[in-house]
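Please go through this structure from its strands to its ligands. The paragraphs below follow that order.

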Amino acid sequence: MTNASPHNTKRTGHWVNLAKLPHHRQEHGTVPIDDNTIALIGGVFRLGDGDVQEGLLTTDVVEVYDIPSDTWKTKAPTPYKVNHPNVATVNGKIYLLGGLVDAQDPPLPYPDWIPSGECHVYDTVKDVWSPLEPMEKGTERGSAILGVHGEMIYVAGGMTFLIPDDQDSLTTVTAFNTTSGKWQKLPDIASNIPEGRQHGVGAVVGHNFYVVGGRYMKKQNVRGTVFILDLNNQQAGWKISEGEMPVPRGGLSGAVLGKKFYTFGGEANPNATDGIFNETEVFDITTEKWSQKKAMAVPRHGLSAVAIGNKVYLPGGGLQEDGLSVWVDGKEHLLRTTDHFDAYVV
Ligand SMILES: *[C@@H]1O[C@H](CO)[C@@H](O)[C@H](O)[C@H]1NC(C)=O
Ligand SMILES: *[C@@H]1O[C@H](CO)[C@@H](O)[C@H](O)[C@H]1NC(C)=O
Ligand SMILES: *[C@@H]1O[C@H](CO)[C@@H](O)[C@H](O)[C@H]1NC(C)=O
């Protein structure tokens, strides 16, 4: 009898540590600029310099990592402070399409976030941000799942608020056309994913847009689904893959290398004292089957990944579930935003 359980497949791959981030950061966007450069957009910084983190601070600081020299540089800040930003790179330009922003001014030290529809494009050569048409009224959101297809950026799901004990999740799918600078609607049948999702991951491979994992409404409602839309045949609508993640996860990170979608970590694991998932799981685009790989060396959530060459880069994130009481070396922590940076070598 053959055992098809993903738990029995060979755990390949390994982890390498890279230069620490200039700031402890989580809930940011990570995007490639070119084959040597990665940018961190938005997110929250650690509040307080003591052993125990005092809160979170939404940021506009943009930091760029140079792969060959393993060093960080600071660039022009985003035009607004934003966490859970929707970001993507098209033709070497970075598009920032909405996100979540502080509901109060001055901001509270814990999540009290509302949506922003502000959109901007960053010229990586001139180091300048320019405004774009905002998201349409009623579609402003953060933590959406993005896919780039030629000149188009597809934006699926997302959320409109996050407070410590509550959050929503949307099914909305819209698209930004980087040539016309306009938001576009999809055909009705393709304009909603099958169930609300945020804190998931996604990518376009070939002409298919994959929306993987994430949460439905509450942090604990983790999901292991893969939704697929053929962008060249949108009238066919969204399909649900038979390949379900071995361990459903939200707050995960992920990126595509070749025909494989790598996913890492996540938040709200009831079986871990720190509430973090350590799983590395891979979706084979061709067979639509999942396999498990070597667990994260430093399990995290609340980060976003970029794949370049044979590595998936994973900057920052949170070392524990936000708001959970976790004791480390005799001290109670409710948050642990990190400056740890590593890469999974395939
Ligand atoms: C994007 O906009 C351009 C210019 O208006 C248009 O020619 C093109 O067809 C649009 N692309 C898509 C995929 O709709
Ligand atoms: C937690 O552990 C139980 C028992 O091993 C298992 O059935 C369940 O799937 C686990 N839950 C998660 C979210 O991993
Ligand atoms: C991953 O986490 C699980 C429980 O959350 C734990 O049992 C397991 O030992 C961890 N694996 C590694 C390699 O750290």
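A hairpin connects strand E3 to strand E4, and two residues make up the link. In this predicted model, E3 covers residues 29–34 and E4 covers residues 37–41. The two strands run antiparallel to each other and are paired over five bridges. One pair can be named residue by residue: Val 31 has Ala 39 in E4 as its bridge partner.

The backbone of Glu 27 has a positive phi, about 60 degrees, although the residue is not a glycine. That is worth a look on the display, because most residues other than glycine have a negative phi.

For comparison, most peptide bonds are trans.

How far can the model be trusted along the chain? The predictor gives the chain a mean pLDDT of 96, with 97% of the residues at 70 or more. Residues 1–6 have a pLDDT below 50, and this stretch makes six contacts in the model beyond near neighbours in sequence.

The ligands come next. Around ligand 1 are Glu 151, Met 152, Asn 177, Ser 180 and Gln 184. Sorted by class, this shell holds one nonpolar, three polar and one charged residues. For Glu 151, a side-chain N or O atom is 2.7 Å from a nitrogen atom of ligand 1. For Asn 177, the corresponding distance is 2.3 Å, to an oxygen atom of ligand 1. For Gln 184, it is 3.1 Å, also to an oxygen atom of ligand 1. On its own, ligand 1 has 360 Å² of accessible area, and the protein covers 44% of it.

Which residues are around ligand 3? They are Asn 269, Ala 272, Asn 278 and Ala 295. By class, the shell of ligand 3 divides into two nonpolar and two polar residues, with no charged residue. Asn 278 brings a side-chain N or O atom to 2.4 Å from an oxygen atom of ligand 3. Taken alone, ligand 3 exposes 360 Å², of which the protein buries 35%.

Definitions and conventions. Residues are numbered from 1 along each chain as its sequence is written. Chains are lettered from A and ligands numbered from 1 in the order in which they are written. This is a predicted model: local features need pLDDT of at least 70, side-chain atom pairs count only at pLDDT 80 or more; totals for chains, interfaces and linings use all residues. Side-chain values use heavy atoms; hydrogens and water are left out. A residue is near a molecule or strand if one of its heavy atoms lies within 4 Å of it. A polar contact is a pair of N or O atoms within 3.5 Å; within protein, one must be able to donate a hydrogen and the other to accept it, and residues adjacent in sequence count only if both atoms are side-chain atoms. Accessible areas come from the Shrake-Rupley method with a 1.4 Å probe; for residues, only the protein chains shown count as cover. Ala, Val, Leu, Ile, Met, Phe, Trp, Tyr, Cys and Pro count as nonpolar, Asp, Glu, Lys and Arg as charged, and the others, Gly among them, as polar. pLDDT is the predictor's confidence in each residue, from 0 to 100. Contact means heavy atoms within 4.5 Å. Two strands pair if DSSP finds at least two bridges between them. Helices (H or I, at least four residues) and strands (E, at least two) are DSSP runs, numbered from the N terminus.
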